[in-house]
Amino acid sequence: MSGRAHVSARMLNRIAQTDSTFTRRGNSWVGKCLICGGPLRFDAATGEGVDVEHIVPRSLGGSHDLRNLGVTHPRCNSEKGRNWDGGRRRRRDPDRYQSMAGRLLAERARRWREPEPDGNA
Ligand SMILES: [Zn+2]
């Protein structure tokens with residue numbers, strides 16, 4: 001499951017379609033990182049340039065539901081994964097971890113837009 005570039009391209013397109021910060025520009029999607037809010041861009045065909053973020057990680061019972069997924073810079077995703085989801089800071093400061101996850105879920109909900117009904121994504 002972690003051969004991520006190709007697994008993610010299709011999922012990244014679905015996330016971008018349901019994230020109102022994203023706009024399609026030619027072969028790319030341009031939008032904002034869910035974690036830091038900074039600008040990012042990825043290739044719609046390959047997903048290259050970004051990561052898929054599980055806001056509540058699968059290891060903690062999070063799902064593949066689109067509302068639990070965001071597009072992020074690889075460095076933002078790995079920082080959260082390593083320092084928070086991975087355990088140490090999460091265990092040391094569970095309240096802060098909860099509030100971070102809550103903030104990201106709220107931001108994802110705020111950005112939510114209904115996908116175009118074109119069916120064959
Ligand atoms: Zn970022």
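Is C36 buried, partly exposed or exposed? C36 is partly exposed, with a relative accessible area of 45%, where buried means under 20% relative accessible area, exposed over 50%, and partly exposed in between (1.4 Å probe, protein chains only).

The structure is a predicted model, in which local features need pLDDT of at least 70 and side-chain atom pairs count only at pLDDT 80 or more, while totals for chains, interfaces and linings use all residues. Residues are numbered from 1 along each chain as its sequence is written, and side-chain values use heavy atoms, with hydrogens and water left out.

| Residue | Relative accessible area | Class |
|---|---|---|
| C33 | 0% | buried |
| C36 | 45% | partly exposed |
| D85 | 13% | buried |

**The nonpolar cores**

A nonpolar core is a set of buried Ala, Val, Leu, Ile, Met, Phe, Trp, Tyr and Cys residues joined through side-chain atoms within 4.5 Å. The largest one has 16 residues, of which I15, F22, F42 and V71 touch the most other members. Two or more residues of this core come from each of α1 (4-17), β3 (39-43) and β5 (69-72), these elements being DSSP runs numbered from the N terminus (helices H or I, at least four residues; strands E, at least two). The largest share, four residues, is given by α1. A second, separate core of six residues includes L34, W84, M100 and L104.

**R90 and D85**

R90 lies in helix α3 (residues 88-92), whereas D85 is found in helix α2 (residues 74-85). R90 is buried yet has no salt bridge, the nearest side chain of opposite charge being D85 at 5.6 Å. Here a salt bridge is a side-chain nitrogen of Lys or Arg within 4 Å of a carboxyl oxygen of Asp or Glu, and Lys and Arg count as positive, Asp and Glu as negative, with His and the chain ends not counted.
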